[in-house]
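Please open the structure in your viewer and keep the selection tool at hand, as this tour moves from one selection to the next and says what can be found at each stop.

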Amino acid sequence: ADFDGQEVLAFAIELAKKAGNAILQGSQNRKAKAEADWESLTKKNTADLVTETDQAVEKLVKETIAAKYPTHKFIGEESWAAGEEAKLDDAPTWIVDPIDGTTNFVTGFPFCAISIGVAYKQRPVIGVVYNPFLRRLYSAWKGNGAYLEYLDEKGAQIGQPSKLPLNPIFPLSSLRHAVVAVEWGSDRTKETIEKKTLSFARLCGNPEEGVQGGQFVRGVRSIGSAALSCCAVAEGALDLWQEVGCWAWDVCAGAVIVQEAGGAVVGSKQAFLSGASKFNDVTPEVLQGRKYVVIRAIADSEGEKGI
Ligand code: IPD
């Protein structure tokens, strides 16, 4: 076969550990550096950052992949920012965010991760997300389950059992019992912020207009990393995560992890109109659509109503 999923997964896991070490190294003094020169970190606005470490880690990951798999394609956040094309075709394509949660990285909020996804025939099939600060490594291969490993400082597994299968035990019965994560994103135009504010208000507290008959969700969170939000849903630590405006490299790996843990990934529009449980195929349109809802398996009766 031209694509050996097991081998690619094992390689991606080792690569994520290597990248994780580079992220940890890069985190030394990052805040002092940032305070000294915020301007140099700013991409489209002050809420959209890139650091030397993002670029160095992407370079490391990209070169390591190219040496091992010269025929595979690569789409990365920083390569795209530097003008490279991000076209998805049927070839195995690595879709990578070197540091997802760059703002967290700069401020030292320990929720950032290297996110390594692989799409094959335009569908996400491998996902590895590693948070080197909390040393938690999530991985999945389509059709073969999702796992969480706790690592020690040398990258070896710790704990008993050291590799936990992720499999939310029960589906979400109602959004009333849900802890939901949303993100503000880096698009701060009036139109976007007004829409987001309105939908967050509906989710968390307007008894007249609230979701599902005036009820509101139990809790709302924003952790600042799309990849880790997906992994939190896979773990059952969050019930739902929604974002409009992030990119394929933020979600490709997380999508496989969530799906293999029994959750669903859908484009927002589909989810809101039709019920999340019916759409669990991450089509190229969903992957590149920049609007995502990631949800724990939802009990059928609620799924029918849509979210
Ligand atoms: C960002 C994070 C954040 C999300 C943004 C992403 P980055 O990725 O995932 O949670 O709100 O849309 O761009 O820029 O830190 O790699």
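Helices and strands are named here as DSSP runs, a helix having at least four residues and a strand at least two, and they are numbered from the N terminus. Please keep in mind that the model you are looking at is predicted.

Where they meet, 38 residues from domain 1 and 27 residues from domain 2 take part in the contact. On the side of domain 1 that touches domain 2, the elements that give two or more residues are strands E1 (73–76), E2, E3 (113–120), E4 (123–131), E5 (136–141) and E6 (146–151), together with helix H6 (102–107). If you select E4, you have the element that gives the most to this side, with eight residues. Sorted by class, this side of domain 1 has 20 nonpolar, eleven polar and seven charged residues.

**The ligand and its shell**

Next, select the ligand and show the 15 residues around it, among which Thr102, Glu183, Gly185, Ala226 and Cys246 come nearest. Which strand gives the largest share of this shell? Select strand E2, residues 93–100, and you will find the three residues that make up that share. With your domain colours still on, notice that the shell draws at least three residues from each of domain 1 and domain 2. Its residues divide into three nonpolar, six polar and six charged.

**The positions listed in UniProt**

Now select Glu77, Asp97, Ile99, Asp100 and Asp250, which an unreviewed UniProt entry lists under "binding site". These residues span 174 positions in sequence, yet no two of their C-alpha atoms are more than 9.4 Å apart, so they gather at one spot.

Keep Asp97, which is found in strand E2. Is Asp97 buried or exposed? Asp97 counts as buried, because 34 C-beta neighbours lie inside 10 Å, and a residue needs 20 or more to be called buried. Leaving aside neighbours within four places in sequence, Asp97 is in contact with Glu77, Ser115, Ala227, Trp249 and Asp250.

Move to Asp100, which also lies in strand E2. Asp100 counts as buried too, because it has 31 C-beta neighbours inside 10 Å. Beyond the residues up to four places away in sequence, Asp100 touches Cys112, Ala113, Ser115, Ser225, Ala226, Ala227 and Asp250.

**A stop in helix H1**

Select Ile23, whose place is in helix H1, residues 5–26. Ile23 is buried, because 25 other C-beta atoms lie within 10 Å. Not counting residues up to four places away in sequence, Ile23 touches Thr53, Val57, Ile99, Ile114 and Pro132. Draw a line between the C-alpha atoms of Ile23 and Ile114, and you will span 8.3 Å, although these residues are 91 residues apart along the chain.

**The largest nonpolar core**

For the last stop, select Val129, Cys230, Val233, Ala234, Ile257 and Val294, which touch the most other members of the largest nonpolar core, a set of 81 residues. Helix H10, residues 248–260, gives the most to this core, with nine residues. This core draws at least three residues from each of domain 1 and domain 2. Finish with Cys230, which, apart from residues up to four places away in sequence, touches Trp241, Val251, Gly254, Ala255, Ile257, Val258 and Val294.

Definitions and conventions
Residues numbered from 1 in each chain as written. Predicted model: local features only at pLDDT ≥ 70, side-chain atom pairs only at ≥ 80, totals over all residues. Near = placed C-beta within 6 Å. Nonpolar A, V, L, I, M, F, W, Y, C, P; charged D, E, K, R; others polar. Domains from an automatic or database assignment. Contact = placed C-beta atoms within 7 Å. Buried ≥ 20, exposed ≤ 12 C-beta atoms within 10 Å, placed from the backbone. UniProt positions renumbered as here; feature names shortened; annotations may be inferred. Core = buried A, V, L, I, M, F, W, Y, C linked by C-beta atoms within 7 Å.
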